[in-house]
Amino acid sequence: MTTPAEIAARHTDLDVEGFAHLQRLLGCWGILSDLSFSDLLLLAPVRGSTGAQLVVLGQVRPSTSATALRVDLVGEMMAVGDWPLAAQAMEEGRVVSGNGILPVEVPKSVLLEGQHVYNSGETGDVPVVPPEVTFECVPIGRSGASSAAVVVRVRPLRGSRRGGRLERVYHELYQRLVTMVAAGSYPFPGDELASEDAPRVGDGLIVVDTDGRASFASPNAMSALHRMGVTVAVEGHRLADLGIENVAVDHALATGRPVVEEVERRPDAIMLLHCTPLLEGEAVTGAMVLVRDVTDLRRLDRLLLSKDAAIREVHHRVKNNLQTISALLRLQARRLDPGAGREALREAERRVRSIAVVHEILSRDPGDQVPFREIVELLVKMAEDAVPPGVEVTIRVTGDPGEVTADVATPLAVVLAELLQNAVEHAFGARAAGSPGSVGSPGSPGHPLAGPAPARSGGNVDLVMRNDGAALSVSLCDDGKGLPEGFDIEGTSSLGLSIVRDLVTTQLYGEMRMGAAPGGRGTLVEIGIPLGEPDH
């Protein structure tokens, strides 16, 4: 789905500051739509059309009234001749109003079977496009710049909402905000209102004067205040007189800047207040306070925090238990004489430790996604600690594996730990005296990877990783003694390589290739792992 940013970049000449201003407007213009009981369109001139075309950058429908325009027009190109009032508003820099027919071509896919563009009035259904509407075109002002876009208010002439005090107050607020939009003072620079829990007019609205005294409170605002224990009439009182913190309102009136604050009157009542100062020029003439009851949202937030803490604690305990098992295996290995038994316990201890590394990372962040680069760094350190005395091995890591799920991270950590360990211990020479190669490991006598004694006492291991979102590729290359002639990973008798092969193919549903490095010197291991749903 094309975003307003993509549409603006593709079709308009808006500069960075101009589009940032429009982005702020798109974040808060739902308030304008609610206050005017109308649909709003955001139009901007198309690049290279010499003012002959307009493109729709945004559209919003009111939450306080039925929509007048059921078809979505975002991204549509409009001829300026069909929107003369919009062109006039941008050219003259003032609000222009008038009546007319909405120049919209409705795709057939929008219409249901047997439905017409205009409602005949017999069914009572909302028309896809009203036959005649009132336009109000507001140029979007910006300090030091001419208008580069216009907000078009679309309201049907017939079937409009009956007028009452609430409607009058809403319309007055809309007109005050529209004046600020045309002057470039609304939305406020740096105001980041757009969020999933940002209040709308229908949540509750309070209007205050320059002294912070309420002159109007909507029924929903009164319901929210009642939940906070306020039972007296609000109008004529400051919020502080009602026992509610008045800091946000006072600060907005004093600075002329919007303020967002959460007020918790009781443990079971939490309100979000968004205070918007109303300006005439640079003078503050009052404020509009939107009130939203966020008690249930904050309760869910706290439950999620508690759940996250519990998940982290579980991973922390699993890590501790694995470290305990690792320590027990290490102690048991020390009690054995050098040989196959000691090496088998050492390798088992290392594999347990590599799994513990994953849970250590998960214990810091309860999310299912794991930053695998952190795990790789710990695995590399483990491998460097296992380099035999007298051998110098440099491990270089390039690329970013990104974030992977926990069910990928655990087997992949074991795979990399095994491959790194084999490389540093067996690719560049035999182990130090008194610590012979293990049975089933590439450096042990009789192993299929065993080769002639090396002529060097060190080398390099390069680990390259890449995550393109669809697959994770891992390449590990050393410049050691290489593989014996005729080696086949599928027929290996090495326990470590068998574990690596089985983990890659059966748990990670990936592919693995092991052969000679480019140039014929050393070993290259290439692994490809799909990151989508496995085909099995």
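1. Basis. This is a predicted model, in which local features need pLDDT of at least 70 and side-chain atom pairs count only at pLDDT 80 or more, while totals for chains, interfaces and linings use all residues. Residues are numbered from 1 along each chain as its sequence is written, and side-chain values use heavy atoms, with hydrogens and water left out.

2. Helix pair. The axes of α10 and α11 come within 9 Å and cross at roughly 150°; axes are lines fitted to C-alpha atoms, for helices over the stretch in contact, and angles run from 0 to 180 degrees between N-to-C directions. On the α10 side the contact (heavy atoms within 4.5 Å) involves P411, V414, V415, E418, L419 and N422. On the α11 side the residues include G496, L497, V500 and V504.

3. R501. This residue belongs to helix α11, residues 495–507 (helices are DSSP runs of H or I, at least four residues, and strands are runs of E, at least two, numbered from the N terminus). R501 counts as buried because its relative accessibility is 15% (buried is under 20% relative accessible area, exposed over 50%, partly exposed in between, with a 1.4 Å probe and protein chains only). Beyond four places away in sequence, R501 touches I489, E490, G491, T492 and M512.

4. Sheet. Five strands form an open sheet with mixed pairing, in the order β13-β15-β16-β18-β17 (two strands pair if DSSP finds at least two bridges between them). Strands β13 (392–398) and β17 (511–516) are at the edges with a single partner strand each, so one side of each has no neighbour in the sheet. From one strand to the next, the twist averages 10°. The pairing of β13 with β15 (residues 458–467) is parallel, over 7 bridges, and E392 stands opposite G458 in β15.

5. Core. The largest nonpolar core has 50 residues, and I375 and I527 have the most contacts inside it (such a core is a set of buried Ala, Val, Leu, Ile, Met, Phe, Trp, Tyr and Cys residues joined through side-chain atoms within 4.5 Å). Helix α10 gives the largest share of this core, 13 residues. Leaving aside neighbours within four places in sequence, I527 is in contact with residues including V415, L419 and V504.
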